Amino acid sequence: MVETPLLRLRGVTKAYPAVLANDAVDLDVMPGEIHAVLGENGAGKSTLMKIIYGSVRPDAGTVEWRGEQVDIQSPLKARDLGIGMVFQHFSLFETLTAAENISLAVPGTIADLSTRIRAASAQFGLDVEPDSRVQAMTVGERQRIEILRCILQEPKLIIMDEPTSVLPPQGIAKLFETLRRLASEGIGIIFISHKLDEIKALCDTATVMRGGRVVGVVDAKVEDARSLTRLMIGREIAAPSHSAERGDGHAVLEVAGLNHTPLDPFAPALKDISLTLRSGQITGIAGVSGNGQDALTRALAGEIVQGSQDAGTIVLEGAELGADTPDQRRTKGLHFVPEERLGRGAVPIHTLSENTGLTTHHAGLVNWGMVKLGKRRALAQGTIEAMDVRCGGPDATAQSLSGGNLQKFIVGRELALRPKVLIASQPTWGVDVGAAAAIRQKLIDLRDEGAAILIVSEEIEEIFEICDTIQVMFRGQLSPPVQAQTASIDDVGLAMAGDFDALVLREAAHV
Amino acid sequence: MSRLVIESRPERTVWAPIQVSLLAVLLTCLGGSVLFMIYGVPPLKGLDAIFIDPLRTSYGVGEILLKMAPLLLIAQGLAIGFRAQIWNIGAEGQLIVGAIAATALAIQFQGTTSPLLLPAMIIAGMMGGMVWAGIAALLRAQFNANEILVTFMLTSVALQLLYYLVAGPMRDPSGFNFPQSIRFDAAAKFPILIEGTRVNASLFIGLVASLIAVIFVQRSLVSYKMSVGGIAPAAATYAGYSSKKAIWLALLISGGAAGMAGVGEVSGPLGMLQRNISPGYGYAGIIVAVLGGLHPIGIIFASALMALVYVGGDFALLSLGVPNAVTGIFQGMLLTFYLACSFLLTSRIRWIKPDALKQEAPAD
């Protein structure tokens, strides 16, 4: 051995009450290496990273840092050693600004940091407003703060937990460039992802995990996507089948002239949004998060009720929705799958049975103000079976499920009532490949039954994979619709950065 | 090496709140023992006076049941709000206003034998409590004023209102200027439930309210919506549940229950309106609700325990000569230890044995 590994794990084991999260895991990361850790949700990647970062203590096994055995007792110790981490689940204080959050980990005055943040933002293409408060930010923006916070600490090893899932294509290329530059300076990078093409494009070595064990250490450049998938999930998965348009294509939901100025000064206002959802079609809204998608979905679902005269109209099957609340809209057939699963789409400490009631009580589950518990439980059981949700049954709490399984449950719950319109925000964000494929297939099945579907997603591949029509959102404005089959991924990428013209011109050329 | 680990419970269990409550009682006994020793009283004798002595006589049991009635009513009402994270801590004031409203009727219809007087007083008392809590609901729903502060401060207002009324407009004209109302007629008083004790029908009302609370909590859509709003406000917004409705319901229900408890005092053991109508039932009710795990059944047991501490404190005063502040100290310790142990509701402590660790470690 010529070179000492930056980080060497041997036999690392961590058991939780219900599951053996890591089972004798070995891992070597060399200086200057970009090392992929690949695996489905629940494979033990996150636990392993928390052990390296010191926020979880292993039950057994050794950790060596630059040739010396160390006991990483806390994230503070990890940072002292030079290990930085960008979390998948964000660790930011909601009531503080971006700069204040970063100042908790990086020394320097707020003013000084704001300057450095702006400089780093520009350098790495990570658009962050230092003075804006975290509570008003979307998932994507929060992640960008996490990445910046880590980079500003000048670490020797950076752990990146699914960093690309909320970046536009141009942003991903820029991030990769940054990571390669960091690696060339001798910094080791652990890159966690389930996007195989990214791993092939970026990484040198890939450690593949399944069920808490390492099932292979492979050369990322040599393996192809198919062999990596097989290694990762132990079987092959089929791409969702996408038939030609069904239904009569009549307009089910028509939105015209929708305006909304949020209370938060840093969140973009919705400007004159017009949108038509048609029967048997999936419309996809692409765009980097924080461009008004959150306000749009809330307005459509009824969480934000339009007050003023120029607020525009939302018409469902010919009837104005007006000030209808979300539950009133649901009785009319408009259902919504929100971006946040735990705490919004589901109540963490409630059982799946209780969580079923969150959006389905109106469907004959209540008699004289009393909930029919047996019927609700049966509905939950039906959803669990229909969506193949891996859980302890209808009495399992929502927080006991993995992210992917909970999302399958939430999507299934909304599908169970056969909605006329389904709005889904980031339906597969952070969900493992198997669950993501299942969710996409269910959405396509619903479309084939004649429902009108709106998908808001930052994953451009997902938009192109399942949508019939694409619109792009940028700074509160929505581009005109283009056909998914004829649109180019580059034009959509440009539109995500604010240039709607290319999209419109090309679409016009096809008409 | 072996070690203790604290880990989150994989699933919800009904045993956790019971364990935590029992642990709080145990720690309170330990803390109480220390206090008794400082005071020169043998700990076992002191604990015996508070927890066992009252149970030995039918008089003691009767007094416990008497004090249980207001605690039960108040705590069942408060728990409904607490589950929705709406913190009415002014049940004491709502109790006072309820008592005043009922007394107004008793004075107005002095001399009547109509069986309708008592039901009318109950309704008036509940309305009084609801109006007092409703002020806090209005301020919270319309102006987002913190209901903890508003309900708490309104208790002081209610107390001053009571002092004014018993010294003036509601004073018994032939009562030698004592600050108290007339003695209520039989028609304005609750019938005695158990012969030979002071236990009256308000305990029956408290138990019926508990039964309604059980059904309300376990089955009703309203309670479900309120609990979602309390645990996960974003989920309530997503579902379309109105937070204002939850605020109004929580405060009106708890205010009405506290007002009813006030009627139980003036139409029960007191038989009149006076300056001291409650030995802090409104505050003790908060402890009962929390100690009962905010569960209607748990609250029944917790109210019995709290009533025992009230009566036991009196017993200890008489038999051991310890100050009657012992009641407040024991109540305070119960709440403090419960809150200190409440992390065990969602977590558990596990002892990892050395050999278990070896088994989990890799063989090679």
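**Note on a predicted two-chain model**

1. An open sheet of four strands in chain A has the order β2-β1-β4-β5, and its pairing is antiparallel. The edges are held by β2 (20-29) and β5 (68-70) of chain A, each with a single partner strand, so one side of each has no neighbour in the sheet. From one strand to the next, the twist averages 25°. The structure is a predicted model, and the remarks below should be read accordingly.

2. Within this sheet, strand β1 (residues 7-15) of chain A runs antiparallel to strand β4 (residues 60-65) of chain A, and five bridges join them.

3. A second open sheet of chain A consists of six strands in the order β6-β7-β8-β3-β9-β10, with mixed pairing. Here β6 (83-86) and β10 (213-219) of chain A are the edge strands; each has a single partner strand, so one side of each is left without a neighbour in the sheet. The twist of this sheet averages 20° from one strand to the next.

4. Two helices of chain A pack on the six-stranded sheet. Helix α1(A) touches β3, β6, β7, β8 and β9 of chain A, and its direction makes about 150° with that of β7(A). Helix α8 (residues 225-233) of chain A touches β3, β9 and β10 of chain A, with its direction at about 35° to that of β9(A).

5. Strand β3 (residues 34-38) of chain A pairs with β8(A) in the parallel sense over five bridges, and A:Leu38 has A:Ser193 in β8(A) as its bridge partner. Strand β7 (residues 157-161) of chain A is likewise parallel to β8(A), again with five bridges; A:Asp161 stands opposite A:Ile192 in β8(A). By contrast, strand β9 (residues 205-210) of chain A and β10(A) run antiparallel and are joined by six bridges. In that pair, A:Ala206 has A:Val218 in β10(A) as its bridge partner.

6. Which residues of β8(A) point one way, and which the other? A:Gly188, A:Ile190 and A:Ile192 point one way, A:Ile189, A:Phe191 and A:Ser193 the other, and all are buried. In a regular strand the side chains alternate between the two faces of the sheet. Strand β8 (residues 188-193) of chain A is accordingly described as mostly covered, with six of its six residues buried.

7. Among the buried residues of α11(A) are A:Glu354, A:Asn355 and A:Thr356, together with A:Leu352 and A:Leu358.

8. The contact between the chains takes 35 residues from chain A and 22 residues from chain B. On the side of chain A that touches chain B, β1, α10 (326-331), α11 and β18 (370-371) of chain A each supply at least two residues. By class, that side has 17 nonpolar, 13 polar and five charged residues.

9. Overall, chain A has 17 helices and 23 strands. Its radius of gyration is 23 Å, close to the 24 Å that the globule rule gives for 511 residues, so chain A is as compact as a globular protein of that length. The C-alpha trace spans about 70 × 50 × 45 Å along its principal axes, and buried residues make up 51% of the 511 residues. The domain assignment divides chain A into domain 1 (7-233), domain 2 (243-333 + 419-431 + 448-511) and domain 3 (342-418). The centres of domain 1 and domain 2 of chain A, taken over C-alpha atoms, are separated by 32 Å.

10. Chain B comes to 14 helices and two strands. Its radius of gyration of 23 Å agrees with the value near 21 Å that a compact globule of 364 residues would have. The C-alpha atoms of chain B fill a box of roughly 95 × 60 × 35 Å along the principal axes, and 49% of the 364 residues count as buried. Of the contacts in chain B with a separation of 6 or more, 78% are between residues 24 or more positions apart.

Definitions and conventions. Residues numbered from 1 in each chain as written. Chains lettered and ligands numbered in written order. Predicted model: local features only at pLDDT ≥ 70, side-chain atom pairs only at ≥ 80, totals over all residues. Rg over C-alpha atoms; globule rule 2.2 N^0.38 Å. Buried ≥ 20, exposed ≤ 12 C-beta atoms within 10 Å, placed from the backbone. Pairing = 2+ DSSP bridges. Axes fitted to C-alpha atoms, helices over the stretch in contact; angles between N-to-C directions. Contact = placed C-beta atoms within 7 Å. Nonpolar A, V, L, I, M, F, W, Y, C, P; charged D, E, K, R; others polar. Domains from an automatic or database assignment.
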